[in-house]
Amino acid sequence: MGKVVKYKLNGVEREALEGRLVIEAAKDVGVEIPHYCYHPALGNPGNCRMCVVEVAGAPKPQASCRTGVREGMVVSSDSEAAKRAQTSALELHLVNHPLDCPVCDQSGECGLQDYYMKIGRYQSSVREDKEHKDKRIVAGPHVMLDQERCILCTRCTRFVDNVTKTHELGIFGMGHSERIDVTPGMSLDNAYSGNVVDVCPVGALTDRDFRYKVRVWYLDKTDSICPGCSRGCSISVHANTSRPWHNDGKRVARLKPRFNPAVNGHWMCDDGRYGFSNLDADRLGKVLRLTPQKTELTWDAMAAELADVLWSAGEGLAVVASGMLSNEDWAAYKSLFLDALSVKRHYFAPEPDQVGAEDELLRKRDKVPNLKGAEALGLKSGSFGELAEELEAGKIKTLYVIERDLTRIFGERAQALQSKAGITILQGPNKYALGDSFAYRLPATAYVEEEGCFTNFEGKIGAYKKALAPIGDSKPDWEIFGLLQKALSGAKQRAAAA
Ligand code: SF4
Ligand code: SF4
């Protein structure tokens with residue numbers, strides 16, 4: 001713990017740790033100093049000159065991102081001199097900036113627009129033509145670069161130099177022709193490339209997936225957790241429920257990282273960021289019995305019918321579950337399948353394509369969010385090889401599959417193995433490849449349609465909130481397990497009376 005010093009900010013006596021950057025010390029007490037190049041995770045080159053403040057005794061305005069707090073210091077971020085310096089810096093940034101706001105994706109969340117309205121509103125003294133640069137550079141699979149809009153803050157180059165260390169972007173040229181460009185022979189296709197869009201304070205780097213789909217002021221933002229791997233990054237779901245036609249009919253328009261110093265800092269990976277495209281595809285919405293013919297049931301009728309099926313299955317019941325289940329789902333799962341039905345056969349290990357690339361930044365090997373939640377309840381997964389043998393041997397009377405695609409577990413053998421089980425039940429948000437060949441289908445909500453918690457690989461619990469309405473009659477998995485458990489008493493009575 002460093003020394004606490006007293007200083008004055010905008011006329012008010014404050015305390016801060018000695019040496020704390022003035023821009024951060026001000027933020028701590030709710031005073032926002034305008035800035036572009038400074039980013040807490042990317043350093044403080046001090047090149048944008050937007051964060052200049054007046055420091056008593058200093059001969060000229062000082063960059064607050066490069067000035068530490070000292071005992072007795074007197075700082076003004078809102079004095080006439082400070083404001084004049086900030087406005088002049090903004091005017092310089094806008095000298096060559098194109099008037100793209102009506103078509104720019106950043107419009108509505110742009111640092112230039114925001115600061116112009118807060119500290120700008122000057123009479124422009126620029127009379128020269130604007131410098132034109134390349135406006136449509138495909139920087140990589142996910143990112144477009146518009147050089148004209150760039151204000152050369154260097155946040156993006158610092159991200160690829162210092163965070164991913166992949167160096168795909170750089171500053172080229174000199175003077176008025178200086179520009180950000182893709183390093184010759186490279187493409188911006190590292191596993192975290194989408195983060196440059198987030199750090200760019202203007203519309204120079206935009207998301208190819210999101211470009212021209214929806215204006216940002218139509219988006220509803222909900223705190224969530226990425227289910228893409230066991231890191232469990234904190235994210236924000238940006239949904240476009242009122243105007244899905246602006247976004248190819250998709251309700252989720254984009255995912256953005258949410259700052260969480262204990263889990264993901266400011267970042268998320270591209271797999272997680274762009275992994276929502278199938279969210280609305282092939283969804284189950286109705287409670288169905290599919291044999292001998294397709295019949296729609298109410299949840300209560302289904303629960304009563306399935307309670308008989310599950311109770312009568314005895315030791316012949318096997319459950320294939322998923323690391324996508326929340327802690328709440330796992331608790332209800334345990335209560336139903338272990339405590340009430342004493343099921344011995346549980347299979348929830350990741351399938352081969354749920355194990356993937358891992359790195360030192362964020363990505364973890366297991367591509368499901370919550371195997372730890374099952375572990376915490378003492379649940380252990382059997383091996384799928386063993387399940388295949390038991391199916392082949394005709395030992396499985398009832399196969400209950402939750403949020404899993406059997407073709408991804410058993411490959412070409414999946415259909416044949418599934419047909420060996422007497423009764424098959426599919427529960428989940430999606431139909432998956434074999435969804436039409438189950439005897440029962442129970443629609444479950446996707447993670448964006450419910451609230452719950454995941455426990456990440458380090459045992460940290462992250463909560464996610466409901467961003468969207470459920471599709472059709474779908475319910476959270478824990479609620480479905482609860483309905484079945486409640487219906488079990490009737491099944492037991494019927495079995496005893498038979
Ligand atoms: S592209 Fe964006 S982040 Fe990169 S230097 Fe330009 S303004 Fe800054
Ligand atoms: S690291 Fe994992 S949890 Fe984080 S964004 Fe990527 S896939 Fe999602």
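Two strands pair if DSSP finds at least two bridges between them. Keep that in mind for the first stop on this tour of a predicted model.

**Stop 1: strands 16 and 17.** Select residues 317–320, which form strand 16, together with strand 17; the two pair in the parallel sense over three bridges. Now pick out Val 320 and look across to strand 17, where Tyr 347 stands opposite. Strands of a sheet pair through backbone hydrogen bonds, either parallel or antiparallel.

**Stop 2: helices 8 and 13.** Select residues 327–340 for helix 8 and residues 477–497 for helix 13; they pack at an angle of about 25°, and their axes are 8 Å apart. Angles under 35 degrees count as roughly parallel, and helix 8 and helix 13 are therefore roughly parallel to each other. Their crossing is left-handed. To see the contact, show side chains including Ala 332, Tyr 333 and Leu 336 of helix 8, and Trp 478, Phe 481 and Leu 488 of helix 13. By class, this contact between helix 8 and helix 13 has eight nonpolar, three polar and three charged residues.

**Stop 3: ligand 1.** Which residues are the closest to ligand 1? Select Cys 150, Cys 153, Cys 156, Cys 200 and Ala 204: these are the closest of the 13 residues that surround ligand 1. Coloured by class, the shell around ligand 1 shows eleven nonpolar residues, one polar and one charged.

How values were computed
Residues are numbered from 1 along each chain as its sequence is written. Chains are lettered from A and ligands numbered from 1 in the order in which they are written. This is a predicted model: local features need pLDDT of at least 70, side-chain atom pairs count only at pLDDT 80 or more; totals for chains, interfaces and linings use all residues. Axes are lines fitted to C-alpha atoms, for helices over the stretch in contact, and angles run from 0 to 180 degrees between N-to-C directions. Helices (H or I, at least four residues) and strands (E, at least two) are DSSP runs, numbered from the N terminus. Angles under 35 degrees count as roughly parallel, over 145 as roughly antiparallel, 65 to 115 as roughly perpendicular and the rest as oblique. A crossing is left-handed if the near helix is turned anticlockwise from the far one by less than a right angle, and right-handed if clockwise. Two residues are in contact if their C-beta atoms, placed from the backbone, lie within 7 Å. Ala, Val, Leu, Ile, Met, Phe, Trp, Tyr, Cys and Pro count as nonpolar, Asp, Glu, Lys and Arg as charged, and the others, Gly among them, as polar. A residue is near a molecule or strand if its C-beta atom, placed from the backbone, lies within 6 Å of it.
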